[in-house]
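Welcome, and thanks for taking a look at this model with us.

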Amino acid sequence: MMLGTQSKREVQRARFRVVTAMRAQAREQGRYLGGRPPYGYRLADAGPHPNAAQARWGRRLQRLEPDPATAGHVRWMFAQRLDGQSLASIARALNDAGIPCPSGIDPDRNPHRSGDRWTLRTVAAILANPRYTGRQVWNRQSAHTDAGASRSEREPIRRNPTVDWVVSKQQAHTALVSEQDFVAVQAIRSHRSAHDGTTRRYLFTGLLRCGPCGRRLESHWINQRPGYRCRHGHTSTQQPTNRRRKILYLREDHLIARLADHPRLPGGIQTPHDLVALLHKRKITIVCDQEHCTPTTE
């Protein structure tokens, strides 16, 4: 037990030394510490490794430089966002122009993604990445992963809080957007509250599934009240087609009325909050279509 405790303590000390050194290298030197380059950049040689032992092994430093094929698209996205365009309109314009998305350009490192089109999350992630200002950023996401688990079994990557990010003091590579424009874009992104200043709440988020297509319904504010909808795979990043199935809309108050006396649910439920708590506790999903809502256990 003593040997095990000492070994664990030494591992923790070694990890602390490594993390401290990496923080200093990123902050003071702006050194590139690995990982895939952001969309719009590519890796370039930055000379021999400053550590003599690493240099003898043939290891060299790398740095980011603008990718001629994609850097212009990043600049265009920031310019469009500053011009007042929505994330959906930016993604739709990229898809209409046939510009490959990041996973489409590098499919070998993104086998879990289709790589066929731009999405809102992809555009939002690019516009929120401070590395486009020319500064090196480290520790944006957690490095703890289950190496023994398959890709489908691994937990999704979580972003660390911004207070834990390590940002270089000076520019470490060529910037694709000025710091002033980057801050302005973040300010646009932060104004997403309701027009009346209230907080919009949706009781049945994650509990509703579309009967015709099997997708989960998304929360949607409609006619000044909470509701839910399923667009059957269509998103704002795509142009609508004539063959598209009719969108399913459900008002929250109508949904509560449908479930109030449903024979598959126990009686005596007093409030909608009690109903939602019961659905979560028993892991019940509500399958809906235009006419009916049916509780089912997944």
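What follows is a short briefing on packing, sheets and backbone details. Please keep in mind that this is a predicted model. Two helices, helix 4 and helix 6, pack at an angle of about 110°, and the largest nonpolar core holds 24 residues.

**Helix 4 and its partners**

- Two packed helices are described by the angle between their axes and the distance between the axes.
- For helix 4 (residues 87-96) and helix 6 (residues 120-127), the angle is about 110° and the axes are 9 Å apart.
- Helix 4 is therefore roughly perpendicular to helix 6, because angles of 65 to 115 degrees count as roughly perpendicular.
- On the helix 4 side, the contact involves Leu-87, Ala-88, Ile-90, Ala-91 and Leu-94, which meet Leu-120, Val-123, Ala-124 and Leu-127 of helix 6.
- By residue class, this contact between helix 4 and helix 6 has 9 nonpolar residues, no polar ones and no charged ones.
- Buried in helix 4 are Leu-87, Ala-88, Ser-89, Ile-90, Ala-91 and Leu-94, and the buried residues of this helix pack against helix 3 as well as helix 6.
- After helix 4 comes Gly-98, with a positive phi near 75°.

**Nonpolar cores**

- In soluble globular proteins, nonpolar side chains tend to be buried together.
- Within the largest nonpolar core, of 24 residues, the members that touch the most others are Tyr-39, Val-74, Met-77, Phe-78, Trp-118, Val-123 and Tyr-132.
- Helix 3 (71-82), helix 4, helix 6 and helix 7 (179-190) are the elements that give two or more residues to this core.
- Setting aside neighbours within four places in sequence, Phe-78 contacts Ile-126, Leu-127, Tyr-132, Val-177, Phe-182 and Val-185.
- Another core, of 19 residues, lies apart from the largest one and includes Val-276, Ile-284, Cys-288 and Cys-293.

- Strand 9 (residues 284-288) pairs with strand 10 in the antiparallel sense over 5 bridges, and Ile-286 stands opposite Pro-295 of strand 10.

**Strands 7 and 8**

- Strand 7 (residues 225-230) and strand 8 are antiparallel partners joined by 4 bridges, and Tyr-228 has Leu-250 in strand 8 as its bridge partner.
- In a regular strand the side chains alternate between the two faces of the sheet.

- Asn-139, in the loop between strand 3 (135-138) and strand 4 (166-171), has a positive phi near 70° without being a glycine.
- With a relative accessibility of 21%, Asn-139 counts as partly exposed.
- Lys-283 also is not a glycine and has a positive phi of about 55°; this lysine is found in the loop between helix 9 (272-281) and strand 9.
- Lys-283 is exposed, at a relative accessible area of 64%.

How values were computed
Residues numbered from 1 in each chain as written. Predicted model: local features only at pLDDT ≥ 70, side-chain atom pairs only at ≥ 80, totals over all residues. Heavy atoms only, no water. Pairing = 2+ DSSP bridges. Axes fitted to C-alpha atoms, helices over the stretch in contact; angles between N-to-C directions. Parallel < 35°, antiparallel > 145°, perpendicular 65-115°, else oblique. Contact = heavy atoms within 4.5 Å. Nonpolar A, V, L, I, M, F, W, Y, C, P; charged D, E, K, R; others polar. Buried < 20%, exposed > 50% of the residue type's maximum accessible area, 1.4 Å probe, protein only. Core = buried A, V, L, I, M, F, W, Y, C linked by side-chain atoms within 4.5 Å.
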